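Hi everyone, thanks for making time for this. Let me put the model up on the screen, and then we can walk through it together.

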Amino acid sequence: MKRFTDYYQYSTQQKHLLSKALNILGLVEERAKRIYADQRVHKRIDYRGLIVVSIPEGFSKAIEIYSGEMVTVLGRSLSQSGISLVSPDVIPQEEIFIKLPLNSPVHTWFSSKIVRRRKVLDNFWEYGVQFLARVDV
C-alpha cells in the first residue's frame, strides 16, 4: 500500500501548489539568511533537484534502505550537513534514508534524520534533514 506521493505522480494542481510553496520558502530563506547566516555551520546553496527518499520500517542496517517505501521528492537547498525537501505528504518518522545523485558507480545513500517539519500552504510540507552517515550500497 503506497502511503506517499511520488513527484512523477503529482497532479496539475499539486505542481501549481508546489511552485507557490517554493516561492514562499524562497522568501522565508532570504530573510533567514540575513538573520542566521553567522550561526549556520555550513553554507547552504539552492538546489532544485529530485531526491529519492526511503522511508524504511527499521533503521539500523543498510539493507533496510530497500525495505521501505521509496518516493521521489524535490530538494530545495543543500549544505554539507543536510538538505531541505518539499513534499505533499507528512513523513511521520524521523529516521529516513536519502539518495543523492552523485557521480558515482555505487548508489550513495545517507542515513538521515528529519530535524524540522513545517507546513507550507495547505498541501505541502518542508523538511529539514540532517545527514548522519554515508551508506554506499
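Before I go on, some housekeeping. What you see is a predicted model, where local features need pLDDT of at least 70 and side-chain atom pairs count only at pLDDT 80 or more, while totals for chains, interfaces and linings use all residues. Residues are numbered from 1 along each chain as its sequence is written, and side-chain values use heavy atoms, with hydrogens and water left out.

Strands here are DSSP runs of E with at least two residues, helices are runs of H or I with at least four, and both are numbered from the N terminus. Two strands pair if DSSP finds at least two bridges between them.

Now, strand 2 covers residues 69-79, and it pairs with strand 3, residues 82-87, in the antiparallel sense over five bridges. The two are joined by a hairpin of two residues, and S79 has G82 as its bridge partner in strand 3. Strand 1, residues 45-55, is also antiparallel to strand 2, with nine bridges between them.

Zooming out, six strands make a closed barrel in the order 1-2-3-6-5-4, with antiparallel pairing. On average, neighbouring strands of this sheet are turned by 45 degrees against each other, direction ignored. For that angle, axes are lines fitted to C-alpha atoms, for helices over the stretch in contact, and angles run from 0 to 180 degrees between N-to-C directions.

How many residues of strand 2 are buried? Ten of its eleven, where buried means under 20% relative accessible area, exposed over 50%, and partly exposed in between, using a 1.4 Å probe and protein chains only.

E69 sits in strand 2, and it counts as buried because its relative accessibility is 14%. What does the E69 side chain reach? One polar atom of it lies 3.0 Å from the backbone nitrogen of R3, and the side chain also reaches the backbone nitrogen of F4 at 3.0 Å.

Last stop, the surface. V28 belongs to helix 1, residues 12-36, and V28 is partly exposed because its relative accessible area is 36%.

That's the tour, so please jump in with questions!

Terms used
Polar contact = N/O pair within 3.5 Å; in protein donor to acceptor, adjacent residues only side chain to side chain.
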